[in-house]
Amino acid sequence: MKVLITGCCGFIGYNLCLKLLKKKNIRIYGIDNLNSYYDINLKKKRLSILKTSKNFTFNKIDISKYNNLKKFFKKNKYDIVINLAAQAGVRYSIKNPSNYFESNVIGFFNVLELSRIFKIKHFIFASTSSVYGNSNKFPLKEEQKTEKPLSFYAASKKTNEILAYSYSNIYKLPCTGLRFFTVYGPYGRPDMALYLFTKAIFNSKKVNLFNNGNHVRDYTYIDDVVNSVEKIITKKPDGAVPYSIYNVASSRPKKLKEFLKNIEKTIGKRAKINYLDMQQGDVYKTHGSTNKLINKIKYRPKMKLSEGIKRFVEWYKKYHNI
Ligand SMILES: NC(=O)c1ccc[n+]([C@@H]2O[C@H](COP(=O)([O-])OP(=O)(O)OC[C@H]3O[C@@H](n4cnc5c(N)ncnc54)[C@H](O)[C@@H]3O)[C@@H](O)[C@H]2O)c1
């Protein structure tokens, strides 16, 4: 089976490639533009690990460049396409909406359109819990309304869901969208809370605690995410509109300040805290229902937060020679 994964040098992409490369009969074709949104050395490190596998091939391609991407689609007959490449992050989208339009709307369209032209068997793509906006019904279920994104990032991801739905309807392209909920773990993103908090604590710097730590997130461990994606690959949607959307969450929400306490305990050092107001574009709470996902793939995300944080901190210390 030939699997094309975009964003393979990113946090989720890298971990997914690693997982799939353990299987026999899978060849991974990874693409990434290696942009400098965060430390490029971390992306290069992930890539160097992936390149040690003989079943992995890398191409540096920007998905927003249609012609280059088309040449790449022509090279091989891919069975599955998993689109993870995107400009991520809610806060960065406030000042840089055009980056999101380029990668998440134009880039996404290019991958979707080429998946149609080259008759890909199953197109899987990353969406986000941010599409729910500020809901007051928890746990968040896939059928809930999602027409009020609070940030341009969320809007760009909602756009993906809508575009993919229309391709499933018109062209019968089997599409599965995955709404990831705050993914964390080793090789995680330096712009996300776990990495930022851990770094600040080790460097005795102040931790920026937005909304005074009162917002709630459904922290989902990376292994639970990649195990879910792996199982979804074979669960191609069918029917008149072969389209499905799933929450990929742990369904165990925690307050941000409790999350921070857990990190402090793991490291064995108190954080210096800079209490801040709610950040524009952020939602107050995420808590996803995982019933639909569990019913489909018979897998329940299982990592305990304290153990997940411990694994991250161990990785962080090793990676930074602490
Ligand atoms: N990590 C999370 O908590 C989370 C939550 C919800 C959704 N998501 C989504 O999951 C996907 C993966 O997220 P991640 O956390 O691994 O982010 P990431 O930033 O680590 O990975 C994204 C990768 O895509 C690449 N990329 C960006 N724009 C590109 C382009 N135009 N062409 C080619 N490559 C490009 C980047 O260089 C990066 O390596 C994204 O679509 C993100 O929006 C992530």
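This is a predicted model: local features need pLDDT of at least 70, side-chain atom pairs count only at pLDDT 80 or more; totals for chains, interfaces and linings use all residues.
A residue is called partly exposed when its relative accessible area falls between the buried limit, under 20%, and the exposed limit, over 50%.

**Stop 1: the ligand**

Colour the shell by type.

Now look for oxygen atoms on the ligand. One is 2.6 Å from an N or O atom in the side chain of Asp32. At Lys157, a polar side-chain atom lies 2.7 Å from a ligand oxygen. Phe11 takes part through its backbone: a polar atom there is 2.9 Å from an oxygen of the ligand. On its own the ligand has 820 Å² of accessible area, and the protein covers 98% of that.

**Stop 2: the elements around the ligand**

**Stop 3: the salt bridges**

Side chains of opposite charge can pair when their charged atoms come close. The whole structure holds 12 salt bridges.

Start with Lys19 and Glu230. Their closest N and O atoms are 3.7 Å apart. Lys19 is in helix H1 and Glu230 is in helix H8 (residues 222-232), so the bridge links parts of the chain 211 residues apart. Lys19 has 26% relative accessibility, so it counts as partly exposed. Glu230 has 15%, so it counts as buried.

Go on to Arg91 and Asp282. Their side chains meet in a salt bridge, 2.8 Å from N to O. Both residues are in loops: Arg91 between strand S4 (80-83) and helix H4 (92-95), Asp282 between strand S13 (272-275) and helix H10 (291-297). They are 191 residues apart in the chain. Is Arg91 buried or partly exposed? Its relative accessible area is 34%, so Arg91 is partly exposed. Asp282, at 9%, is buried.

Next, select Arg270 and Glu264. This salt bridge spans 3.7 Å, N to O. Arg270 is exposed at 70% relative accessibility, whereas Glu264 is buried at 11%.

Finish with Asp223, Glu307, Lys310 and Arg311. Salt bridges that share partners join these residues into one network.

Note on methods. Residues are numbered from 1 along each chain as its sequence is written. Side-chain values use heavy atoms; hydrogens and water are left out. A polar contact is a pair of N or O atoms within 3.5 Å; within protein, one must be able to donate a hydrogen and the other to accept it, and residues adjacent in sequence count only if both atoms are side-chain atoms. Accessible areas come from the Shrake-Rupley method with a 1.4 Å probe; for residues, only the protein chains shown count as cover. A salt bridge is a side-chain nitrogen of Lys or Arg within 4 Å of a carboxyl oxygen of Asp or Glu. Helices (H or I, at least four residues) and strands (E, at least two) are DSSP runs, numbered from the N terminus. Buried means under 20% relative accessible area, exposed over 50%, partly exposed in between (1.4 Å probe, protein chains only).
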